Amino acid sequence: DHILQFFGGAGSGAKGEAKIIATAFAELAEHLSNNLPRNPERAQCLRKLLEANDCAVRAASSEA
């Protein structure tokens, strides 16, 4: 899936907890891509997972 390129994981610029979170999301995305049948629901699942990944990494990177 082309969307997997957007899950930074270990190669992302994230640091500390944000990097751990990004890696976990990247691993889950890879697992889902490899184990779910290719169909519109899998594509939607990966898009929503990417959105959740972005939110979680921003939350971990926030100083608030």
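## Asn53 and its neighbours

Not counting residues up to four places away in sequence, Asn53 touches Phe7, Ile21, Ala22 and Phe25, where contact means heavy atoms within 4.5 Å. Asn53 itself sits in helix α2, which covers residues 40-61. Its relative accessible area is 5%, so Asn53 is buried; the classes here are buried at under 20% relative accessible area, exposed at over 50%, and partly exposed in between, with a 1.4 Å probe and protein chains only.

A word on what you're looking at: this is a predicted model, in which local features need pLDDT of at least 70 and side-chain atom pairs count only at pLDDT 80 or more, while totals for chains, interfaces and linings use all residues. Residues are numbered from 1 along each chain as its sequence is written, and side-chain values use heavy atoms, with hydrogens and water left out.

## The overall picture

So what does the secondary structure of the protein come to? There are two helices and zero strands; both kinds of element are DSSP runs numbered from the N terminus, with helices being H or I of at least four residues and strands E of at least two. The protein has a radius of gyration of 12 Å, close to the 11 Å that the globule rule gives for 64 residues, so it is as compact as a globular protein of that length. That radius is taken over C-alpha atoms, and the rule is 2.2 Å times the number of residues to the power 0.38. Along the principal axes, the C-alpha atoms fill a box of roughly 40 × 20 × 15 Å.

Of the 64 residues in the protein, 28% are buried. Among contacts with a separation of 6 or more, 59% are between residues 24 or more positions apart. The protein exposes about 4,400 Å², and carbon and sulfur atoms supply 55% of that; the areas come from the Shrake-Rupley method with a 1.4 Å probe, and for residues only the protein chains shown count as cover.

As for charge, the protein has 7 positive and 8 negative charges, and their mean positions are 4 Å apart. Lys and Arg count as positive and Asp and Glu as negative, with His and the chain ends not counted. Each charge is placed at NZ of Lys, CZ of Arg, CG of Asp or CD of Glu.

## Around Ser33

Over in helix α1 (residues 17-35) you'll find Ser33. Is Ser33 buried or exposed? Ser33 is buried, at a relative accessible area of 10%. Leaving aside neighbours within four places in sequence, Ser33 is in contact with Asp1, Leu4, Arg42 and Leu46. With Asp1 there is also a polar contact, side chain to side chain, at 2.6 Å. For the record, a polar contact is a pair of N or O atoms within 3.5 Å; within protein, one must be able to donate a hydrogen and the other to accept it, and residues adjacent in sequence count only if both atoms are side-chain atoms.

Leu4, one of those Ser33 partners, lies in the segment before α1. With neighbours within four places set aside, Leu4 is in contact with Ala29, Glu30 and Ser33. Leu4 and Lys15 are eleven residues apart along the chain, and their C-alpha atoms are separated by 20 Å.

A polar atom of the Gln5 side chain lies 3.0 Å from the backbone oxygen of His2. Ala14 is in the segment before α1 too, but at 17% relative accessibility Ala14 counts as buried. Its C-alpha atom is 25 Å from that of Gln44, 30 residues away along the chain.

Lys19 belongs to helix α1 and is partly exposed, with a relative accessible area of 34%. C-alpha to C-alpha, Lys19 and Gly8 are 8.6 Å apart in space and eleven residues apart in sequence. For Gln5 and Lys19, 14 residues apart in sequence, the C-alpha to C-alpha distance is 16 Å.
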